[in-house]
Amino acid sequence: MARAVTTQRKIINTAAAWAVGLLIFFPILWTVLTSFKTEATAIADPPVFLFFDWTFENYKVVTERSDYARFLWNSIFIAGGSTLLGILVAVPAAWSMAFVPSRRTKDILLWMLSTKMLPAVGVLYPIYLLFIKMGLLDSRLGLTLVLMLINLPIIIWMLYTYFREIPGEILEAARMDGATLRSEILFVLIPLAVPGIASTLLLNFILAWNEAFWTLNLTAAKAAPLTAFIASYSSPEGLFYAKLSAASTMAIAPILILGWFSQKQLVRGLTFGAVK
Amino acid sequence: MATQHSRSAARLMMAPAVILLLGWMLVPLTMTLFFSFKKYLPLRGGDLGWVGFDNYIRFVTSSAFWPSVLATLIIVGGVLLITVCFGVLLAILLDQPMWGQGIVRILVIAPFFVMPTVTALVWKNMFMDPVNGLLAHLWKAFGLTPVEWLSQASLVSIVIIVSWQWLPFATLILLTAIQSLDSEQMEAAEMDGAPPLARFGFITLPHLSRAITIVVLIQTIFLLSIFAEIFVTTQGSFGTRTLTYLIYQRVLESQNVGLGSAGGIYAVILANIIALFLMRIVGKNLD
């Protein structure tokens, strides 16, 4: 039963929540607004909020930078590639754990999750060295592999929880009808689990897109994604607020939109099911 | 029913994931462990032989060690305190009936999806810059001298930036937990005349304790390894050199791989202790 609430209470709640919400969102809003200003307006004293001559100039300048398209493409390639590869490895593993559990399933799952806790800096040099030896340093392939590996535990975990919600009887029925294991997974399990797989894809794409340890340390010029592109603005000669804002807005806008769709999966994926 | 056939198929299908993760864990960790017992300076002579526990001792006795422990504790502790306290308050607020709840929730969650380098750079330049930053304008509007955030109040600044990033995560998880609270229990307490503060202390908070524990554990693991926020803002200067950043500098900047690897092993042990507690809670939920 919903509790009866006076209109007055509701107005106070609404005002308070909106005030806090806008305060928290403000840095993003400010970045987006600044991206439409000229460099002079961007550092005007006192600052101007809405009433300025809106310009798309910054977006033009940033996207016309010879290398912008490459950074963007690298981000898409690395985030997308690592997520797809991860799903490919994770679907069979999650199927086994969800439908043919053994005594050790739980331990294996927990062990997999615990590899996610490995501090990256503890293995930085070995990975760096292996990358040099294998010619993977500053390559999209190398970064894709690393990001696939660091997110694999979360992918397996999420798929496992989604698969568990699918009744095993359906798969069994398919098996009884003579379906091979491959067609059982491809034509029965995957269609049933599409929503779960989609949310897993989404969340891991976001995590890979925003990853900022390996992307900064394992790339130089060739394979650097948007995280590194933005970091390059931190040098003094790159200090142009409006252009920085335009670059930032372009780097975060697609993820903000995807992120809003993945709120629920966020809780599921990042707490390993410990909060429901 | 699982047959013998499907069991062996299952083992086969799990193999790629297990092998990949095992390799990802064991190969680099073994190498780090190996380097940690060596004097290894790639740019100054390379492998200079075994040194026993020398690196482990030198890492903790170097003058940079204790300040980095302190910086780490302040950053992790500060961010945890802010995100948990405000997270609980925000979760309670967002759980109240209001207009536009969905939109407010989106506004609050948004910072989590901003990439760390953007977060760090936007805060550094557009908010904390002592000349052109918005905070400087705000200070001047009140007739105060603008603060040079990242040099004079460097740790506070980092805590603010990282808290802004992680508050949405804490809020979202605590909100999920609050929504599973039995509303009848709350109503009964309300009818019995329990004041709001008592209802919060005796019903809401105990109900949230598990979720708070999980937020604390997960955030600790991620906060211990924050990197981009420091890399982009202060590069570890002004007392913001955390353990993670110190190890990074030892390994990649000064190329003292032996020493850095010993530090890396310390970091791995520390993370594992926290992970152990977390895995125990997760494990209980699996049954």
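The model is predicted, so local features need pLDDT of at least 70 and side-chain atom pairs count only at pLDDT 80 or more, while totals for chains, interfaces and linings use all residues. Residues are numbered from 1 along each chain as its sequence is written, and chains are lettered from A in the order in which they are written.

**Exercise 1.** State how many residues of chain A are in contact with chain B, and describe the chain A side.

Solution. Two residues are in contact if their C-beta atoms, placed from the backbone, lie within 7 Å. By that criterion, 84 residues of chain A touch 88 residues of chain B. Helix α1 (residues 7-34) of chain A gives the largest share of the chain A side, 16 residues; helices are DSSP runs of H or I, at least four residues, numbered from the N terminus. By type, the chain A side holds 61 nonpolar residues (Ala, Val, Leu, Ile, Met, Phe, Trp, Tyr, Cys, Pro), 18 polar (the others, Gly among them) and five charged (Asp, Glu, Lys, Arg).

**Exercise 2.** Is A:Ala42 buried or exposed?

Solution. Buried means 20 or more other C-beta atoms within 10 Å, exposed 12 or fewer, and partly exposed in between, with C-beta atoms placed from the backbone. A:Ala42 has 23 such neighbours inside 10 Å, so A:Ala42 is buried. A:Ala42 lies in helix α2 (residues 39-42) of chain A. Beyond four places in sequence, its contacts are A:Thr34, A:Lys37, A:Tyr241 and A:Ala242.

Technical notes
Helices (H or I, at least four residues) and strands (E, at least two) are DSSP runs, numbered from the N terminus.
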